[in-house]
Amino acid sequence: MYAETLNNAAVDGACALSEISPPVLTAASSAADPFKAARELAGTLHHPDLDRVVFFCSAEYNLPQLAEALNQVFSGVPLSGCTTAGELTPDGYACGSIVALGFHRNFFHLNAALIQPLDGFALAEAQQLINRLLQSDHPHRADWRHFALTLFDGLSSQEELVLAALDAALGSTPHFGGSAGDDIHLTNTHVFHDGAFHTQAAVVILVETSLPFDVFTTHHMQPLDSKLVVTEADPLTRRVSELNAEPAAEAYARLIGLTPEQLTPDIFALHPLAVKLGQDYYVRSIQRVNPDLSLDFYCAVGKGSVLTRMQPQAMLQDLETCLSDIESRIGQPLITLGCDCFLRRLESEQRGEREQTSAFLAKHRVIGFNTYGEHHAGLHVNQTFTGVVLGRGKVEKE
């Protein structure tokens with residue numbers, strides 16, 4: 001087991017945090033037995049003033065047993081979470097583990113709701129859901145602000161429509177999130193709500209906090225001149241049959257100088273494609289090659305879309321620039337809750353930078369998971385790092 005309690009901080013320019021009551025507790029366990037893993041988390045996270053625990057776990061766990069174990073050790077504490085394609089722990093990258101955050105009610109109030117089924121979820125339902133989350137018996141304070149976190153079944157293929165509805169209902173409330181993974185098996189991904197794991201579902205968590213925060217997204221891609229046109233596709237299944245009027249896998253493989261037989265997730269990570277919306281590029285990552293040489297994507301891609309070949313740049317330099325800019329606005333960070341595309345981890349491994357990247361994430365107190373897609377401001381995107389930086393606040397000088 002490894003666990004960490006965050007250091008002291010100061011909030012609202014006046015209220016010094018005590019060592020006994022930090023605003024966020026973090027813990028992780030690499031124990032394979034779900035009951036042992038749950039006990040190890042509880043050993044660090046249990047606190048009389050916990051508002052909610054949010055966790056991210058490997059899909060390798062026996063999920064019914066893990067649900068039972070977590071419900072036992074956190075009896076009376078609301079739980080939310082999802083399965084992953086890798087975990088971001090206090091020690092950096094991990095696989096086959098579970099990581100969790102415990103939020104202190106003096107600094108946070110979290111309300112959560114389940115969306116199930118996802119099919120047919122529209123603006124009216126989204127507005128009702130957000131209104132329910134906003135109605136709370138927690139005493140609201142004028143200087144507390146909200147952000148939203150979404151967790152989706154990463155194989156549901158429903159993110160685009162549901163996120164668009166939620167974004168409209170959230171209005172000016174910033175939002176981010178990630179799609180659950182299953183350690184790159186692409187068979188079953190789950191979200192956790194109300195004591196159980198669910199598929200074909202999403203969890204929406206509305207977070208109210210006194211801490212300063214900044215919701216962000218960033219990627220390290222630059223466009224090249226090479227382009228492909230989607231000439232046949234089914235956006236509902238995210239399957240592209242043809243690119244440039246030929247089998248999609250053949251056209252893509254030729255573009256990057258390979259054959260369809262050589263295409264793997266590692267290759268997809270190093271040779272992404274993107275659509276241009278306005279002046280910005282949004283990566284549309286390839287999930288797999290099918291026997292008929294069609295390509296499944298992690299995001300919807302429509303017929304007529306123009307896909308631009310992207311070139312990865314220095315990942316850590318981009319992330320350092322992003323986080324430094326945020327710190328200049330909100331001060332020293334307390335923690336970053338991050339949703340990091342699993343293809344970024346694969347890229348770091350292919351480039352021999354996994355340990356360096358893992359150390360960077362640990363240094364910057366990033367807790368979260370590797371995703372099958374990231375959410376930001378109503379969009380479903382790939383190969384980004386998306387999250388929220390929670391600041392420590394500033395202490396007034398006496």
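How many of the nine residues of helix H8 (residues 342–350) are buried? Seven of them are, and H8 is mostly covered. Buried means under 20% relative accessible area, exposed over 50%, and partly exposed in between (1.4 Å probe, protein chains only). Helices (H or I, at least four residues) and strands (E, at least two) are DSSP runs, numbered from the N terminus.

This is a predicted model, in which local features need pLDDT of at least 70, side-chain atom pairs count only at pLDDT 80 or more, and totals for chains, interfaces and linings use all residues. Residues are numbered from 1 along each chain as its sequence is written, and side-chain values use heavy atoms, with hydrogens and water left out.

**Helices**

- The buried residues of H8 are Phe-342, Leu-343, Arg-344, Arg-345, Leu-346, Glu-347 and Ser-348.
- Gly-352 follows H8 and has a positive phi, near 70°.
- Helix H7 (residues 315–330) and helix H9 (residues 354–363) have axes that come within 11 Å and cross at roughly 10°.
- H7 and H9 are therefore roughly parallel to each other.
- Angles under 35 degrees count as roughly parallel, over 145 as roughly antiparallel, 65 to 115 as roughly perpendicular and the rest as oblique.
- Axes are lines fitted to C-alpha atoms, for helices over the stretch in contact, and angles run from 0 to 180 degrees between N-to-C directions.
- On the H7 side, Leu-316, Leu-319, Glu-320 and Leu-323 meet Gln-356, Thr-357, Phe-360 and Leu-361 of H9. Contact means heavy atoms within 4.5 Å.

**Aromatic rings**

- The whole structure holds 12 aromatic pairs.
- One of these pairs, Phe-56 with Phe-369, is stacked, at 4.8 Å centre to centre and 20° between the planes.
- This pair links distant parts of the chain: Phe-56 is in strand E5 (residues 50–58) and Phe-369 in strand E26 (residues 366–371), 313 residues apart.
- Phe-56 and Phe-369 are both buried.
- Rings of Phe, Tyr and Trp (its six-membered ring) pair if their centres lie within 6.5 Å; planes under 30 degrees apart count as stacked, over 60 as edge-to-face and the rest as tilted.
- Phe-55, Phe-192 and Phe-197 are linked into a cluster by ring pairs.
- Arg-145 lies over the face of Phe-213, 4.1 Å from the ring centre. The criterion is NZ of Lys or CZ of Arg within 6 Å of the ring centre and within 35 degrees of the ring normal.

**Individual residues**

- Val-191 is in strand E13 (residues 191–193). Val-191 is buried, with a relative accessible area of 0%.
- Not counting residues up to four places away in sequence, Val-191 touches several residues, including Cys-82, Leu-114, Phe-152 and Phe-197.
- Phe-35 sits in helix H1. Phe-35 is partly exposed, at 23% relative accessible area.
- Leaving aside neighbours within four places in sequence, Phe-35 contacts Gln-65, Glu-68, Ala-69 and Gln-72.

**Backbone**

- Most residues other than glycine have a negative phi, and most peptide bonds are trans.
- Gln-116 and Pro-117 are joined by a cis peptide bond, with omega about 5°.
- Pro-117 lies in the loop between strand E10 (108–115) and helix H3 (123–134).
- Ser-157 has a positive phi, near 60°. Ser-157 is in the loop between strand E11 (145–152) and helix H4 (159–170).
- Ile-184 also has a positive phi, near 65°. Ile-184 is in the loop between strand E12 (175–179) and E13.
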